[in-house]
Amino acid sequence: MSENTTPSNNSFLNDAGNRALIFQILLLAMVVFAGYYLFSNLQANLDNRGISTGFSFFNEPAGFPILIHLIEYTEANTYGRAFVVALINTFVISLLGIVLATIIGVIMGLARLSKNWLVARLATVYIETLRNIPLLLQMFFWYFAVLAALPAPRESYEFADFLLNKRGIYSPNPITQDGFGLVIFGFILSIVASIALIIWAKKRQTKTGLWFPAYWSSLGVIVGITFIFLAMAGFPIEFDLPQKSRFNVTGGMVLPPEFVAVLVALSTYTGAFIAEIVRAGILSVNWGQTEAARSLGLRDNMTQRLIVLPQALRVIIPPLTSQYLNLAKNSSLGAAIAYPELVAVVMGTTLNQTGQAIETIGLCMLVYGSLSLSISVFMNWYNSKMSLIER
Amino acid sequence: MAIIFKPSPSLPPPVTSVGAVAWVRQNLFSSPLNIFLTFFSIYILYLLVPPVIEWAFINATWEGSSKAACTAGGACWAFVGVYFDQFMYGLYPEAETWRINLAVILLVVMVGAFAVKTINKLYLSIAIIVVYPIVAYFLFAGGVFGLEVVETSLWGGLFLTVLLGVIGIVASFPLGVILALGRRSEMPIAKSVCVVFIETIRAVPLITILFMASVMIPLFLPEGLNFNKLLRVLIGITLFSAAYMAEVVRGGLQAIPKGQYEAADAMGLTYWQSMVLVILPQALKLVIPGIVNSFIALFKDTTLVYIVGMFDFLGRIQAANHDSNWLGTTVEGYAFAALIYWAICFGMSRYSMSIERKLETGHKRN
């Protein structure tokens, strides 16, 4: 009787666990080796070119101007300060872009679902056009074709105290006078009062079922109380109005064309994507829910707000998060039309002047990485708050 | 005498509930708000459509050799006509552009051959994926069979855009599938390598990747070894797109019921057999819309190579806008670019819908 044994090496390699182990050891070795190889090349290259590593260049004067800066900045300031200025510019454009894109997206998404045939068609055209044209092209269009074609400062368009010309949008600049602290105090007071009102209304509704329009009335409370305190302090705000002069506009606050172009392009482009997300979310809510709400006697706007929207939001929020992330990352395209955001200032000018490729590119990636991470952490928190709690 | 009840013929429905009148009443004037919205929309159309038609067609100038020829006050399409070759081929030598055209015709013929029933689909696929790229490369770059060498720095225009898009798509697809499988794998090291790669790439904008490709890759390579810029940018685009592709494919893998994996195991299939024969075909079919979406996104994103100094389609248009003979034709250039990009992207999305319908195998709930 012959022994029926399988060769030992065969059985060892046929074991799934052993193979996984060997594969992973090989993979790890490859990653480590590749990392070592690239790093040693890097060291040799940096030595050869005489580039020192480290962030010491951050303390040296930058020597280049930045067109748009929300904090004090001149050419004599350091690279470190230039980085902070660029960081703020990136944050501002992302935040404003997210707010505007959300508004546009919700309006367009609802419009595409409208019972009005014409409105639905127009929204469809808007969405399908903007979604299928590259964002960079749209940015160029707004900057080089629309804003650059506006008249010179002398022939600015005027609306109330606003001026519009090729140097940007000029608006009155509010300057606070003595006694403005009282107004701020009043504003805080009004917010506290309206929060109390909302809590009271909710309590009363759970107890008695009586409904009180808490949100509209708290808006009234905020406006009213703030106005009373404004009047009490004797209106301590003056407006510095923009004035046309021969070649330029003096006074006022200005939104430069670079800023306007990036903001408009980002928000209309992302808005088209958000519109589709909103539409899909609303369509995902079963029609039976609407019918049930109607049979309970809810009015149409109550049905939308209390029944449809909360359920639609569950479908909307995850993809909406990725659109917000996209918008924040796409703000980097502002570099192409000289909006001084992170990529333009740090990976563009700073990299060119100092040659510190590793530090500048690494820093930018780190900033975008943490920006993406914090947006997704916040949206995930909101998502878990809104998601269906199954019992 | 019996009275026989004779029903009179039914009346036609009232005009207000059928036909055009009813349609208008229902869809445009059903409520005060709707009436307002209808008039508002008509007003917007009135503001936009007639001036655009007048500008683009009625007052347009179609021929001429400088801006001075455009006197009609409308669009100056002569600009696009003069620059057309540059927009399409970049600075590729004019005498050699037939090589690009030939490659395009070849591709169209090969893809079109899929419709012919008698041709072996497997051989055809191999020809397109393996043989065609080699042929196309030598056609574009030259250097063999007496073809003149054309430096990649001269490649540009829509040709470069399509090249970047197609190579990015083709190369990132298998890489993305492998990354997705790695992320779903039970091997901790393989899994974490994939997760780190995917999440890092997805957290940063494409521009930073392109900057890295064009500035940092040379620093990481040994002295003397250097790739040309086009190749570096292609590596960047492929890695970027692969990370997104991986997440799309992962979604498909997650949607496959566990029973399918178990069934494949029960059949005694190895890991790769069960993936290639059972899981992936189902998963990929599920995520066709997502895959096409990332293709479209990638195609639009190729415009960013302009920022690292390459002149793709948009880049050539931007360059032509600075021609002093044609000052003030910016809008025409952008309109032309928008039209081309729109047609390609919209076409892709419609095509994906038709594939979806074709591959529908009836798992949908009714």
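The model is predicted: local features require pLDDT of at least 70, side-chain atom pairs count only at pLDDT 80 or more, and totals for chains, interfaces and linings use all residues. Residues are numbered from 1 along each chain as its sequence is written, chains are lettered from A and ligands numbered from 1 in the order in which they are written, and side-chain values use heavy atoms, with hydrogens and water left out. Chain B and chain A bury about 4500 Å² between them, 74% of it on carbon and sulfur atoms. Buried area is the accessible area (1.4 Å probe) that two parts lose on being put together, summed over both.

**Interface between chain B and chain A**

- B:Leu219, B:Phe220 and B:Lys300 together supply 15% of the area that chain B buries against chain A, more than any other three residues.
- In terms of contact (heavy atoms within 4.5 Å), chain B contributes 50 residues and chain A contributes 49 residues.
- The two chains share one salt bridge, a term for a side-chain nitrogen of Lys or Arg within 4 Å of a carboxyl oxygen of Asp or Glu.
- A salt bridge links the side chains of B:Arg350 and A:Glu128, at 3.8 Å from N to O.
- Between chain B and chain A there are 14 residue pairs in polar contact, both residues being at pLDDT 80 or more. A polar contact is a pair of N or O atoms within 3.5 Å; within protein, one must be able to donate a hydrogen and the other to accept it, and residues adjacent in sequence count only if both atoms are side-chain atoms.
- The side of chain B that touches chain A draws at least two residues from each of helix 1 (19-27), helix 2 (32-58), helix 7 (188-203), helix 8 (206-220), helix 12 (288-301), helix 13 (313-320) and helix 14 (330-359) of chain B. Helices (H or I, at least four residues) and strands (E, at least two) are DSSP runs, numbered from the N terminus.
- That side of chain B comprises 38 nonpolar, eight polar and four charged residues. Ala, Val, Leu, Ile, Met, Phe, Trp, Tyr, Cys and Pro count as nonpolar, Asp, Glu, Lys and Arg as charged, and the others, Gly among them, as polar.

**Paired strands of chain A**

- Strand 1 (residues 157-159) and strand 2 (residues 162-165) of chain A run antiparallel and are joined by three bridges; two strands pair if DSSP finds at least two bridges between them.
- A:Tyr157 has A:Leu164 of strand 2 as its bridge partner.
- The hairpin of strand 1 and strand 2 of chain A has two residues between the strands, and A:Ala160 takes a positive phi near 50 degrees there.
- Strand 2 of chain A also pairs with strand 3 (residues 168-171) of chain A, in the antiparallel sense over three bridges.

**Individual residues**

- A:Asp161 lies in the loop between strand 1 and strand 2 of chain A and is partly exposed, with a relative accessible area of 41%. Buried means under 20% relative accessible area, exposed over 50%, and partly exposed in between (1.4 Å probe, protein chains only).
- The C-alpha atoms of A:Asp161 and A:Pro242 are 7.3 Å apart, although 81 residues separate them along the chain.
- A:Ser331, in the loop between helix 10 (300-330) and helix 11 (342-354) of chain A, is buried at 0% relative accessibility.
- B:Ser214 belongs to helix 8 of chain B and is buried at 15% relative accessibility.
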